[in-house]
Amino acid sequence: MRVIETEAKSIMVASKLPDADFVLNPYTGCAFGCSYCYASFMGKYVGEPVEAWGEYVYVKTNAVELARQEVESKLSAKGDATLLLSSVTDPYQGVESKYRITRGILEVLADARWPGTVGILTKSPLVTRDIDVISRLPRPSVGMTVTTTDDEISRWLEVRAPKATARLRALRQLSDAGLPTYAFVGPLLPHFRWQPELLDSLFREIAEAGVRDIYVEHINLKAYIRSRLEPRLANEPPEVQQSYVAARRDDHRTALTVMVESLRTKYGLGLRLDEVLYHEAGVARAAVKTAPPEVRSDAPLKDKGPREQPA
Ligand code: SF4
């Protein structure tokens, strides 16, 4: 893992995500290295190839200072603006333990009494370290990406991310601390179509962790994503490989969407953005062409015009 210290020009970046006016990404790159990550293409803006995703992290050492400088102007422009940490990286990946940049940004926002929703999305229980700061925010919303209850599948696909069971425990801890939480079930893994009991378990455990809202997104299997995913699939049984082929079809998504609707009703989970999200191919290509020199992750997307630019 290469850790490179760098300085950013700005940290609060205007967003086209449906529920975030600004996104803040303290890091470029992500050490968790999930095989399905669609932020991998952003490496080109720091001179890194797609296949190196997960092997580097650029630390924006001036991010807290930038947040301090930018917060007033952003507040004046839109007093109730919604924020997301982070859209193209994990704000609580390992280097956050040392650099504490995410924590520093949250302290700036808490001191400013940022009135809009401050969303946090991570795969790391390290977020619980900052419960004290997050609790000082007027409108926090803390999300954990959970795609499975099976730690072996988690380790296989979400290579260096904290295990799924640890994330579910962290959600419980956040809920117990009184913080509004949500789960991001994305990508919706293909095998659930043929093993509905496993999707049932996932939704049940999310609900038991005190979560009331979920985002759900179908898997994104564009060519550049498959270029990292397929080597991982190569040694799997044919039926596993076939499930990822099937996942590119409409009928597969329709079947999973029906299952999701039934289970979220069963467990009383609200579906944010009112639909199971799916990232259309053409929009992603537009984003690749126009993205500025920054990065992106597993934040929920909804294709309303051009996809969120990496922040
Ligand atoms: S999906 Fe999220 S946690 Fe995984 S590598 Fe991408 S940014 Fe990191």
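Buried means under 20% relative accessible area, exposed means over 50%, and partly exposed lies in between (1.4 Å probe, protein chains only). This is a predicted model, where local features need pLDDT of at least 70, side-chain atom pairs count only at pLDDT 80 or more, and totals for chains, interfaces and linings use all residues. Residues are numbered from 1 along each chain as its sequence is written, and side-chain values use heavy atoms, leaving out hydrogens and water.

**View 1. Phe41 and Tyr224 form an aromatic pair.** Rings of Phe, Tyr and Trp (its six-membered ring) pair if their centres lie within 6.5 Å; planes under 30 degrees apart count as stacked, over 60 as edge-to-face, and the rest as tilted. This rule gives 6 aromatic pairs. Phe41 and Tyr224 are edge-to-face, at 5.2 Å centre to centre with 85 degrees between the planes. They sit 183 residues apart, Phe41 in the loop between strand S4 (27-28) and strand S5 (56-60), Tyr224 in helix H8 (residues 223-233). Helices (H or I, at least four residues) and strands (E, at least two) are DSSP runs, numbered from the N terminus. Phe41 has a relative accessible area of 6%, so it is buried. Tyr224 is buried too, at 17%.

**View 2. Trp156 and Tyr244 pair edge-to-face.** Their ring centres are 6.4 Å apart and their planes are at 85 degrees. Trp156 belongs to helix H5 (residues 151-157) and Tyr244 to helix H9 (residues 238-246), 88 residues apart. Both are buried.

**View 3. Trp53, Tyr56 and Tyr58 form a cluster.** Ring pairs link these residues.

**View 4. Arg253 lies over the face of Tyr278.** The distance from the ring centre is 3.9 Å. A charge sits over a ring if NZ of Lys or CZ of Arg is within 6 Å of the ring centre and within 35 degrees of the ring normal.
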